[in-house]
Amino acid sequence: MGDSKEAGAESPPTGAAARGGLSLLSQGESEEPSAQGSALFLGGNEVKSRAVVKYSSAPPRTAFARLEEKTDLKLPPANWLRESAKLGPAGTTILGNSKKSKPFSSFGMAYDFIDSVGNDVDVVSDSENIKKLLKIPYSKSHVSMAVHRIGRTLLLDELDIQELFMRSSQTGDWTWLKEFYQRLIDQKWQRKKKSKEHWYQKAILSKFLYYSINGDGAAQPVPSAAEQQESSSSDQTNDSDGASWPAPFEMPSSVSEDPSASSQGLKNDFVRNILWTFEDIHMLVGSNMPIFGGGRYPAVSLRLRDNNKPINVLTGIDYWLDNLICNVPELVMCFHVNGIVQKYEMIKTEEIPNLENSNFSTKVIKDIAQNILSFLKSNCTKEGHTYWLFKASGSDIVKLYDLTTLCEETEDKYQNPFTMPVAILLYKVACNMMMKKNQNKKHYGTIRTLLLNCVKLLDKSRHPQIIASANYMLSELFQLDEPKKEESSESPLNENSDESYSEEEEEMPDSDENGSYSTSSDPSDDNKAVAIIKSVGELSVPEKYKSIHQIRPSCTFPVCHDTEERCRLVLSYVLEGLKSVDSSIKKESDLPAADPNTPIPLKYEDESTRGGPEGLEKQMALFLDKMGSLQKGNYSSQSGMIPGSWQHKMKLQLILKSSKAYYVLSDAAMSLQKYGRALRYIKLALQSHDTYCCLCTNMLSEVLLFLSQYLTLCGDIQLMLAQNANNRAAHLEEFNYQTKEDQEILHSLHRESSCQGFAWATDLSTDLESQLSVSCKCYEAANEILQFSDLKSQNPEHYVQVLKRMGNVRNEIGVFYMNQAAALQSERVVSKSVSTAEQQLWKKSFSCFEKGIHNFESIDDATNAALLLCNTGRLMRICAQAHCGAGDEFKREFSPEEGLYYNKAVDYYLKALRSLGTRDIHPAVWDSVNWELSTTYFTMATLQQDYAPLSRKAQEQIEKEVSEAMMKSLKYCDVDSASARQPLCQYRAATIHHRLASMYHSCLRNQVGDEHLRKQHRVLADLHYSKAVKLFQLLKDAPCELLRVQLERVAFAEFQMTSQNSNVGKLKTLSGALDIMVRTKHAFQLIRKELVEEFDQPKSDESTPAADSSPSLNREEVIKLLSIFESRLSFLLLQSIKLLSSTKKKTSSNTEEDVVLKTNKQIYSQLLRATANKNATLLERIDVLIHLLDQLARGGGVSSNAFSIGF
C-alpha cells in the first residue's frame, strides 16, 4: 500500500473518460460522477480505487425528493412505472426494475469496448457478479458463474442453474449438464420458488424510488388494483424469463449476415459502463445503480432499509462496492417500518466499512479480489473454453469445471450456448487488432491464436461466414509482398499450435499453496473439476493464490523459414476459407460433379491445330476483348453466387489472396531457376485471377496492376524456358506436378469459371519460337493492361520494366529469326538466288528489332536501343552476305545490293553511336558498336578490293572508295585503349595498312604517265608498309603476316630499283632492301619459338598441339614464305655483290665497301649451301636464316648509305 500521495496519483488526466468508449456520453454526461479516482483510508486499511465512466445512458441527475415521515410506501405513487422525461432513455432500468442481469451481459460490454478486451482489462462483468464474488467468504448463498478467457481478459457471467434446467426440461438442451449436476452435486435437484417476501421487498423498493424522483408526478392517475396486480405479475415474468438464453442450435440472424454484428441476447443493457481499477485489478463493469443529486456531494446513492433489520456485513459490502464502482461519495439510507417511512441517514462511502453490525476490513476485500483473480487466471487457461465456477449453498468449497470439455464428451459438442458468443468475441477482438496491425506486428501471434480458437469453436456447417472470414484474416497475417521479419528466430514453425499457451501449462497440478487438486471426500468430483478452493476462508489470506501461470500478452507467431513455407500456410487458410464459402452456396446440385482429389487433366494441343503464332494472335485478341469488358463490369458466376452477398465478397478476397500467394511462389521458384515449377505456380495465379475477373463487378486498378505483374513474370518464365531448352524434361515434370491443396483450390475456382482465360500464356511448349512468341505476348498483354487506366503514370517503375522486357524479348526473337536466316544461307549451295524463306525471316527479324528499338527509345534506354540498332546492323550484313553468293566465283564482282545493305548496316551502327552519345554512357557497348562499324567498313572495302566491280566503275573510283572505307574502318578501330579487344584492333589496323600499301604498290606498278600521282602512290605505299610493320611487330601471334609485309616491302624496293639507272642509286636501294631483310629476324624468332613449343609437347597428346599453338602458324604458309625469303635474300645478295664489284673496279679502294662485299659473299655462299640441302628440317632452315641475318647485321652487310632512302 502506498501513502496518500500515491493514492492521489491514481487520478487520470483530463479527458480520460472519453478514451476507449465506443459511444458518446449522453446528454447527462456532465451530471454523471466525474471520471476521477478516489483513495480511501479506513483505519490504516487503505485501498486504492479509481472509476472512469466509459459510457452512460442515464438521464441528467435530479435531486432526490426527501419523503415525509409516515409516507406509506405500500401505496403506489402516481408516476409508478410510467415514463417520464426526467428518466431519459434508460427508462425504468435505472430505478431497479430490471435488476436481473442477462446471461451474456459481459459479452455485450466486451463487444462495445473491444479495444479493452484481451489487453488492458483483467475482468469484464456485471457489478452484481463482482460483488457476489467478493462476498464469497462472508456468504452462505450459492455462486454459479460462467468464466471465459480472451487473451488476458476474463469474462464473468451469472450461470443461473435453475433457469438453465427449467429450459432443459422444456427443450431438451443442456441435459448433459443437468445429469452431471444431479450426479455429482445435487442429486435431488428441484426448482426453488422465490418467497412472497422477496416480491414484496422488490415492489416496495420500486415504489420508494419512484416516490423519490423530485417531480410533479401527482398529476398522473394512481393505477388501479388490477393494474398493480398486472404489474406485479409482469415483474415475476420478467424475472423468470429475463435470462434470454439463445438456443444452442440456432445461429443469430444478425451474425449469419454480418459477423461483426452483436448476436441475439448480447446487447449492452447497462445504464453505465465503468472502467474500475481496484488496487492493481482493472475491471470493465456494468452498473444499473440509481444515482441522485443533492446533499453535500454532487452524487448520492439511495437505499431503503427495514428499521427492524440491522445492516449486516453482506449489506455493508454491497453498499460500499456499489459506491466505489460508481465513484459515489455518499450513501443516503431511508428507514421504514412495515412500509411507513421513519427517517433518513447520510453516510460517507469511506465510513461504510465501520458501520455498527457491518464491520469489515477493506484490505481483506482487496485480498479476496486478488486471490479470486489469481485462482481464475491460473486455471482458466484455454481460450474459447467455458469454465463454470460453482459454490453450493451453505458449502465452503468452490469448484471450477471446464464445461467445454464436459460438453465435448456428449453426442453434440455444440450444445454449449456460450460457444457462439465466445467465438464472435474472439473474432471481434482479432478484427480490432487487425485494424491496427500495421502499427505493431508483434500482435500477429495473438491475432492468429484468437482466430484459430474462434475457428475451432465453430461448426463449419453452421457458421461458414465467420470461418471463411477468420481464415481470410489468418492468411492476411502473412505478408507476401515483403521479406518476413521474424519476431523470434528461435521459435520453430508449428502450424498445429492452436493453443496460445503450451499444453504443459494446462494440466500441471498446482502447489498446495494454490489449493487446486486438493483431496476431497468425493474422488469422482475431483476428476471432473479443473480446480478446487477447499475453504472460502482461504480467500481472505493475503496472496494465498498466486497466479503462477501468467497469461502472456502475446503469442508466438510461426516462423517461416522461406517464402514457400509462408505461401503454403497462406494457401492452407485460403483453401479452408474457400471450402466454407462453397459449402454455404445452395446451388451445388446444378454443378457438374467433381472430385477434389482427382487431378484436373491438362490439355495439350498439337502445335499445328493451335495454329502457332497466328493462333496466339487470336487468343491475345480475345483476351484484350475480355479485359475491355471487365472495365464495364460484366459478371458471370457458374455457381450462382449473388453479387454483393457475403459469399461473393469473401470468395473474391480469398481468390485474390491465392493469386498473390501463387505469384510469390512462382517468383521464388524463378529465382531458384526452377522454371517448370515457376510456370505451374504462375498458371495457378493466372487461373485464380481469371476466376476473380469472372466474379468481379468492379475491377480495381490495384487488381489490374497485379495482373500486369503476373503476366510480366509469366513472360520472364517463358523466356527462361526458351533459353534453357537442355533441361526441358525436368521442367516438364515440375510443371505437371500438383499438390492435393492446389487441386482443391483449383476445384473451387472451377465452380465459378473455366479458368482458361490465360491458357495461351501458361502452356509449356516444346518449340523455341512458340515460347519466345508467348513470352512476347505476355509482355504485350501486361503493357496493354497498363494502358487501360491511369496505371502507366501511377506505376512508372513497373511500366519501364515491362517495356524493357518487351524490348529484350523482341531482340531475342529478332536474333532467333536472324540466325535461322544465316543457317539457311549457309545451307544454300545449289540455288544461287536468295530464297523467299530467307527474305521472310529477314522481314520478321527486322520487324522485331524495330519494335524493340521503339520500346527502348520510349523509356530513354539508350544503351539497349544501341544494342538493338547494332543487331539490326548485323542483320543488314547478313542480307549483304546473302547477295554475294550469286554469280560465278571467277567472274564475281561486288554487287550494288551488297553495297546497299552494307551502307544500311553502317547507318544503323552510326545511329547506335548517336543513341549512346558518348563512351561514358556504357564503355563496353560503345566499344562493341565501334568494332562492328569498323568491321563493316573493312569488309566492304575488302570485298571491293578483292572483287572489284570493274564492269560498273573505273579503277580510280574503286581505289578511292576502298581507300575511304579503309580509313573509316581505321577511325573506328581503337588500337590505343588497353582492353581484351586491343590485339584484335591492332591486327585489324595492321591488316588495313597492309592492304592499302599493297593497293598503292599495285597502282604504282600498273600506272604510266602522271609522275606526281606516281610519287604520291609511292609515298603512301611506303607509309602504310611502315605502319603495318610497326603494328604487326606489337603482336606475338602474327609472324607470317609480318614476314609477308616485309617481303612485299622488298619487292617494292626491287621494283623501284628497276627504274633506277645509276649504280649508286641502285646500291642504296639494295642496301635498304637488305636492311628490311635483317629486320625480319623478329618474325623468324616468333616462328621458331612456336615450332619448338609444338615439338616439345608430349607425343601422347597429339591432338592438342594444333589447339594450343597459335592459329596463325600454318606450316605450309611458313614453308612457302621461307622459300620466297631465301630466294629474295639470295637475289639481293647477288645483286649487291655485282654492284659492289663493278664499283670497286671503277673507283679507288674503299675499306668499308670491301668489308661489305666480303661479308655478303660469305653469307651468299652459306645461303646457297643451306638451300641446296633438301633434307634440312623447317626448324634447321629457320635457325640458318637467323644466323645469317645476325651475320648480315653485324658484318656490315648493310652499307651506311642504305638508310638514305628512308626505309
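## Cysteines

Cys879 is buried, at a relative accessible area of 3%. Cys870 also counts as buried, with a relative accessibility of 9%, because buried means under 20% relative accessible area. The model, which is a predicted one, holds zero disulfides. A disulfide is a covalent bond between the sulfur atoms of two cysteines.

## The chain as a whole

The chain has 41 helices and 14 strands. It is made of 1207 residues, and 53% of them count as buried.

Contacts can also be sorted by how far apart the two partners are in sequence. Among contacts between residues at least 6 apart in sequence, 78% join residues that are at least 24 apart. Gln794 belongs to helix α26, which covers residues 791-794. With a relative accessibility of 49%, Gln794 counts as partly exposed.

## Helices α14 and α19

Two packed helices are described by the angle between their axes and the distance between the axes. Helix α14 (residues 464-476) packs with helix α19 (residues 646-671) at an angle of about 25 degrees, and the axes are 10 Å apart. The two helices are therefore roughly parallel, since angles under 35 degrees count as such. The crossing of α14 past α19 is left-handed.

On the α14 side, the residues that meet α19 are Pro464, Gln465, Ala468, Ser469, Tyr472, Ser475 and Glu476. Their partners in α19 are Trp646, Met650, Gln653, Leu654 and Lys657. By type, the residues of this contact of α14 with α19 are six nonpolar, four polar and two charged.

## Helices α35 and α36

Helix α35 (residues 1039-1058) and helix α36 (residues 1063-1079) have axes that come within 9 Å and cross at roughly 175 degrees. The helices α35 and α36 are therefore roughly antiparallel to each other, because angles over 145 degrees count as roughly antiparallel.

From α35, the contact uses Gln1046, Leu1047, Arg1049, Val1050, Ala1053 and Met1057. From α36, it uses Lys1066, Thr1069, Leu1070, Ala1073, Ile1076, Met1077 and Arg1079. The contact of α35 with α36 divides into eight nonpolar, two polar and three charged residues.

Ser969 sits in helix α32, which spans residues 955-971. Its relative accessible area is 0%, so Ser969 is buried. Leaving out residues up to four places away in sequence, Ser969 touches Ser934, Tyr937, Phe938, Arg988 and Ile992.

## Two residues with positive phi

Most residues other than glycine have a negative phi. Glu279 is not a glycine, yet its phi is positive, at about 60 degrees. Glu279 is found in the loop between β6 (272-278) and β7 (281-287). With a relative accessibility of 11%, Glu279 counts as buried.

Asn338 also has a positive phi, near 55 degrees, in a residue other than glycine. Asn338 lies in the loop between β10 (330-337) and β11 (340-348). Is Asn338 buried or exposed? Asn338 is exposed, because its relative accessible area is 52% and exposed means over 50%.

Key
Residues are numbered from 1 along each chain as its sequence is written. This is a predicted model: local features need pLDDT of at least 70, side-chain atom pairs count only at pLDDT 80 or more; totals for chains, interfaces and linings use all residues. Side-chain values use heavy atoms; hydrogens and water are left out. A disulfide is a pair of cysteine sulfur atoms within 2.5 Å. Buried means under 20% relative accessible area, exposed over 50%, partly exposed in between (1.4 Å probe, protein chains only). Axes are lines fitted to C-alpha atoms, for helices over the stretch in contact, and angles run from 0 to 180 degrees between N-to-C directions. Helices (H or I, at least four residues) and strands (E, at least two) are DSSP runs, numbered from the N terminus. Angles under 35 degrees count as roughly parallel, over 145 as roughly antiparallel, 65 to 115 as roughly perpendicular and the rest as oblique. A crossing is left-handed if the near helix is turned anticlockwise from the far one by less than a right angle, and right-handed if clockwise. Contact means heavy atoms within 4.5 Å. Ala, Val, Leu, Ile, Met, Phe, Trp, Tyr, Cys and Pro count as nonpolar, Asp, Glu, Lys and Arg as charged, and the others, Gly among them, as polar.
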